[in-house]
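Student: Could we go through this model together? I would like to discuss its charged pairs and its aromatic rings.

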Amino acid sequence: MIDVSYSNIKNGLVKLICEELKTVLEKLPKEDQEETSAIRVGFITYNKVLHFFNVKSNLAQPQMMVVTDVGEVFVPLLDGFLVNYQESQSVIHNLLDQIPEMFADSNENETIFAPVIQAGMEALKAADCPGKLFIFHSSLPTAEAPGKLKNRDDKKLINTDKEKLLFQPQTNVYDSLAKDCVAHGCCVTLFLFPSQYVDVASLGLVPHLTGGTLYKYNNFQIHMDSQQFLNDLRNDIEKKIGFDAIMRVRTSTGFRATDFFGGIFMNNTTDVEMAAIDCDKAVTVEFKHDDKLGEDSGALIQCAVLYTTVGGQRRLRIHNLGLNCSSQLADLYKSCETDALINFFAKSAFKAVLHQPLKVIREILVNQTAHMLACYRKNCASPSAASQFICEK
């Protein structure tokens, strides 16, 4: 999905994307034993309306269909929208050559955003398959449509109790859209090229909840930033991916999973849903110790993920983990993983930003760290002066 508004055409971004797609689509992920990828591709361009393209292999020229009703988005064609890249290669290359010229004289500055995601999700629904949307977008969506946003970049709120409002989406449209996307296995990855305020808190919610990624290039300049962007795009398109995933974490008695952090969505307290999962995604799980654990039996964790491969197979991957239990705090500190702790604190702080002032979150982090060090001094360190800092390997 390519934003073809005035600024993107003029700065050469649209041409750069179209040129790169000719190469990168050759490297779509595929099953290990297969020669070609089973993934199908489709193309939409947009400004304040949507343009769908028919790139069926038997066409001499791609055909454009315009959807102006952005309030009730529908897919104007099924046959010819999602196609096998190898079969339709010449028509697709033809289209990618034409897109920059097609909109060369456009003066349209207003864009939509939520209807773009809706259009992609509806196309995947109509094709009865999960998938991933790559959206190349530049500006605050100010055109009259669902998900329309206003500039709320208010510097006066910074370092006040109301600062958290800047991190919350300004409309619930994106939250409900993200839920629909997860339900239909539609992952959203967003490439943002803002030259001014763009409200990442609102636009970034859908990539965050659907297991996608958000890439942001401030004041994008072709000669300086194109290499970084193209590397990011290549890596994201080529990496192995699983779609429509559901994960469950089970434990032995004595402790249980209580919270989950990551590019996930949860309808209940046990099922972790991800529209897509790949090698760059991590889910952090918080466990609560609420009953006796035996040193003899240890603690057991099982993580099971059900997902669809790029070839359309439904697979189940299971990881089992056995952990030792100890009644000695010294053993706990000795085997503690600092990286995992920092990861957990960072993610829980990131989540708390939506509800508490930054000042409070900082204080909580400092207090938690101080508490861990004090606990070590009291229970594990040899007696020493109260003013002496204890730090051991």
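**Strands, salt bridges and ring pairs**

Tutor: Residues 242-325 are 0% helix and 60% strand, and the end C-alpha atoms of this span lie 34 Å apart. Helices (H or I, at least four residues) and strands (E, at least two) are DSSP runs, numbered from the N terminus. This is a predicted model, in which local features need pLDDT of at least 70 and side-chain atom pairs count only at pLDDT 80 or more, while totals for chains, interfaces and linings use all residues. Residues are numbered from 1 along each chain as its sequence is written, and side-chain values use heavy atoms, with hydrogens and water left out.

Student: What does UniProt list for residues 242-325?

Tutor: The unreviewed UniProt entry gives "domain: Sec23/Sec24 beta-sandwich" for these residues. UniProt positions are given in the numbering used here, feature names are shortened, and annotations may be inferred rather than shown by experiment.

Student: Now the charges. How many salt bridges are there?

Tutor: The count comes to 21 salt bridges, each being a side-chain nitrogen of Lys or Arg within 4 Å of a carboxyl oxygen of Asp or Glu. One of them joins Lys 239 to Asp 280, with the closest N and O atoms 2.9 Å apart. Lys 239 lies in the loop between helix H9 (222-238) and strand E10 (241-251), and Asp 280 in the loop between strand E12 (272-278) and strand E13 (284-289), so this pair ties together parts that are 41 residues apart in sequence.

Student: Is Lys 239 buried or exposed? And Asp 280, buried or exposed?

Tutor: Lys 239 is buried, at 11% relative accessible area, whereas Asp 280 is exposed, at 54%. Buried means under 20% relative accessible area, exposed over 50%, and partly exposed in between (1.4 Å probe, protein chains only).

Student: Which residues are linked with Lys 239 in a network of salt bridges?

Tutor: The network contains Lys 132, Asp 236, Lys 239, Asp 278, Asp 280 and Lys 281.

Student: Which residue does Lys 179 form a salt bridge with?

Tutor: Its partner is Asp 175, and the closest N and O atoms are 3.5 Å apart. Lys 179 and Asp 175 are separated by about one helical turn, because they are four residues apart in helix H6 (residues 173-183). Lys 179 is partly exposed, at 38% relative accessible area, and Asp 175 is partly exposed too, at 27%.

Student: Let us move to the aromatics. How many aromatic pairs does the structure hold?

Tutor: The structure holds 16 aromatic pairs. Rings of Phe, Tyr and Trp (its six-membered ring) pair if their centres lie within 6.5 Å; planes under 30 degrees apart count as stacked, over 60 as edge-to-face and the rest as tilted. Phe 193 and Tyr 217 are a stacked pair, 5.2 Å centre to centre with 20° between the planes. Phe 193 is in the loop between strand E8 (186-192) and helix H7 (200-203), and Tyr 217 is in the loop between strand E9 (214-216) and H9, 24 residues apart. Phe 193 is buried, at 5% relative accessible area, and Tyr 217 is buried, at 8%.

Student: And what about Phe 261 and Phe 344?

Tutor: Phe 261 and Phe 344 form an edge-to-face pair, 5.7 Å centre to centre with 80° between the planes. This pair links distant parts of the chain, with Phe 261 in strand E11 (residues 255-261) and Phe 344 in helix H11 (residues 338-352), 83 residues apart. Both Phe 261 and Phe 344 are buried.

Student: Which rings are linked into a cluster?

Tutor: Ring pairs join Phe 136, Phe 191, Phe 193, Tyr 215, Tyr 217, Phe 220 and Phe 229 into a cluster.
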